[in-house]
Amino acid sequence: MVKPLAFKGEKAKVKKRKAAPTAEDGPDEKRIRELASDTLEDDSWVNADVSGDISGPVVIVLPSVKPTCIACDATGKVFASELENIVENDPTTAEPHDVRQVWIANRIAGTDKICFKGHHQRYLSSNNIGSFSARNEAISPEETFDCIASNDTPGTFSIQTPRETFISMSDDGKDIRGDASTISFNSTIRIRMQARFKPKLKASKELKAKEKISKKELENAVGRKLDDNEVRKLKKARVEGDFHEKLLDVRVKGKHDKYS
């Protein structure tokens, strides 16, 4: 078989494999695994609503008239980058078109603080005069931030530096500073993130995956035809976590009915 071209120094791509079904898995458990695996591949972009949402690839959207976001180049220079993937200049629809616009958000263990790693494996940093760069490979206090959710404008944040000042944008939208002493419109920021990292959406999709099972699959698991009431009962049990107990009940009931 002809192999694809590989370049020197290029890392081999490893294909992600779905979790293999175990011997104890019935048809329904296998179906859950297949549906749940789809949620792990959801690369759509959504808004972070609370600080606890912020994780994984993010775009830090600034409150400029023409929507921009915080970006950095390969040398660690931080700048405001214009967003092109956006619907009618609505910041809640923004998506990155350039890898320099994407940061990887990670929470510092044991704290509520977050660090942002750039595409070049360096961290966003704020110094004592409010200037930003992304040149440090290690995390110090200057590379940690608090994302404070706004009470007035849901879905927005004020990002606080270790010096208790805030990230803000200049009035002309060209400069990014970290020395604002108070929260204002210029420090009101939106954070866009990939849906697969948002806890609420992830949990919701996993719940829907559990609900998605056909009557035929349930009948295969029970080993006989089911009436509508039994189907509803088993689907509800899958969501509530006592599926195997209810499945056994339905099987036993079927045997009793057969010999009565």
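This is a predicted model: local features need pLDDT of at least 70, side-chain atom pairs count only at pLDDT 80 or more; totals for chains, interfaces and linings use all residues.
Several strands pair side by side in the antiparallel sense. Strand S2, covering residues 56-62, pairs in this way with strand S5, covering residues 103-107, over three bridges, and within this pairing Val58 stands opposite Trp103 of S5. Strand S5 also pairs with strand S6, again in the antiparallel sense, and here four bridges are found. One of the residues involved is Ala105, whose bridge partner in S6 is Phe116. The hairpin formed by S5 and S6 has six residues between the strands, and in this hairpin Gly110 takes a positive phi near 80°.

A further hairpin is formed by S7 and S8. Strand S7, which spans residues 123-126, runs antiparallel to S8 and is joined to S8 by three bridges, with Ser125 standing opposite Ser133 of S8. Five residues lie between the strands of this hairpin, where Gly130 takes a positive phi near 90°.

The aromatic side chains were then examined. A pair of aromatic rings is described by two quantities, namely the distance of the centres and the angle of the planes. Two aromatic pairs were counted in the model. In one of them, the rings of Phe116 and Phe145 have centres 6.0 Å apart and planes at 45°, and the pair is therefore classed as tilted, given that planes under 30 degrees apart would count as stacked and planes over 60 as edge-to-face. This pair links distant parts of the chain, since Phe116 belongs to strand S6 (residues 114-117), whereas Phe145 lies in the loop between strand S8 (132-136) and strand S9 (146-149), 29 residues apart from Phe116. Together with Phe132, the residues Phe116 and Phe145 form one aromatic cluster.

Are Phe116 and Phe145 buried or exposed? The cut-off for a buried residue is under 20% relative accessible area. Phe116, at 1% relative accessibility, therefore counts as buried, and Phe145, with a relative accessible area of 0%, is likewise buried.

Attention finally turns to Ser158, a residue of strand S10, which covers residues 157-160. The relative accessible area of Ser158 is 4%, so this residue is buried as well. Which residues is Ser158 in contact with, leaving aside its neighbours within four places in sequence? The contacts of Ser158 are Asp146, Cys147 and Ile148, together with Phe166, Ile183 and Ser187.

Definitions and conventions
Residues are numbered from 1 along each chain as its sequence is written. Side-chain values use heavy atoms; hydrogens and water are left out. Rings of Phe, Tyr and Trp (its six-membered ring) pair if their centres lie within 6.5 Å; planes under 30 degrees apart count as stacked, over 60 as edge-to-face and the rest as tilted. Helices (H or I, at least four residues) and strands (E, at least two) are DSSP runs, numbered from the N terminus. Buried means under 20% relative accessible area, exposed over 50%, partly exposed in between (1.4 Å probe, protein chains only). Two strands pair if DSSP finds at least two bridges between them. Contact means heavy atoms within 4.5 Å.
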